Amino acid sequence: MLWIEGGAFHMGSDRHYPEERPVHRVRVDGFFMDETPVTNAQFRAFVEATGHVTVAEIPPNPKDYPGALPHMLKAGSLVFSPPDHPVDLRNWGQWWTFRFRANWRQPYGPGSSIKGLDEHPVVHVAYADADAYATWAGKDLPTEAEWEFAARGGLDGAEYAWGDALNPEGRQLANTWQGEFPHQNLALDGFERTSPVRSFPPNGYGLYDMIGNVWEWTADFWTTRHPDDAPKACCVPVNPRGGAMEASYDPNQPAIRIPRKVLKGGSHLCAPNYCRRYRPAARHAEPVDTSTSHVGFRCVRRAPNG
């Protein structure tokens, strides 16, 4: 873990997606943060030590999903399955498949494995899995404010974790998507899916993969926007903790009361023509019961008085 000296910064962005607005001042205390996302090797050690069974390995409870088709209530997870032609980008079902028995050990479904992927980020972990790992390791999941402060690497207000240009001098500085998403992956960064941690340069704080590779869970419940900026410096929030659980439910699925948490960092599927969320300010809502092939996590440890 690396020590991240606390401080004040401008959280959010007014230049991109509505949920990132408004830019507002925030202060966080210092904390330690994992240098990289939790890897398959690290997660395997946790499972071997505890016998933990991930959410993706447990059949869903029908009571939690009213109206769900019975034949779909099986253990599994969402796997990116790219089409071979352009599709309507408003329909994510064109490239996501719920694959039975896909899990962290079988990231692409039955027959796949993580052999040779020890240093890749663990994926197919729901929020409860990430939280259980953090507890076992004597750590916590970061708040959204802690995560964004760390991702900026000291570059307050910069567009990206490394400055204001996505590809300075043509360099690929994170594992993101090059080409037309979701059917054309040029893999100019050298990777079609996840990459080993430390494959790209660290940010100003020495942290790897804060942008791209996999989205990362935070401890905060989802909110549709940030709070307004404090009118005076004396009123700037310190260590904010996000919104209320009840406000995080998906309004498009009123019958399903599954809380959502904030994901940060973007992934290898973020592209210029879709999901330009390879930025510290970017955020995304994820139901706590959902696991996918592009979501992982890392942990923090706070000072005793934090």
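The lining of the second largest pocket comprises seven nonpolar, five polar and five charged residues (nonpolar: Ala, Val, Leu, Ile, Met, Phe, Trp, Tyr, Cys and Pro; charged: Asp, Glu, Lys and Arg; polar: the others, Gly among them). The model is predicted: local features need pLDDT of at least 70 and side-chain atom pairs count only at pLDDT 80 or more, while totals for chains, interfaces and linings use all residues. Residues are numbered from 1 along each chain as its sequence is written, and side-chain values use heavy atoms, with hydrogens and water left out.

A pocket is an open set of points on a 1 Å grid over the protein atoms alone, where a 1.4 Å probe fits, with protein on both sides within 12 Å along at least five of seven lines; lining residues have an atom within 4 Å of a point. The volume of the second largest pocket is about 190 Å³ (the space filled by probe spheres set on the points, which are joined across faces, edges and corners). Of its 17 lining residues, H24, H226, P227, P240 and G242 lie nearest the centre. Two or more lining residues come from each of β3 (24–28), α3 (144–152) and β7 (215–221); helices (H or I, at least four residues) and strands (E, at least two) are DSSP runs numbered from the N terminus.

An open antiparallel sheet is formed by three strands in the order β1-β4-β11, where pairing requires at least two DSSP bridges between two strands. β1 (2–4) and β11 (300–302) are the edge strands, each with a single partner, so one side of each has no neighbour in the sheet. Neighbouring strands are turned by 30 degrees against each other on average, direction ignored. β4 (residues 31–33) pairs with β11 over three bridges, and F31 stands opposite R302 in β11.

Helix α3 lies across β1, β4 and β11, at about 70 degrees to β4 (axes are lines fitted to C-alpha atoms, for helices over the stretch in contact, and angles run from 0 to 180 degrees between N-to-C directions; contact means heavy atoms within 4.5 Å).
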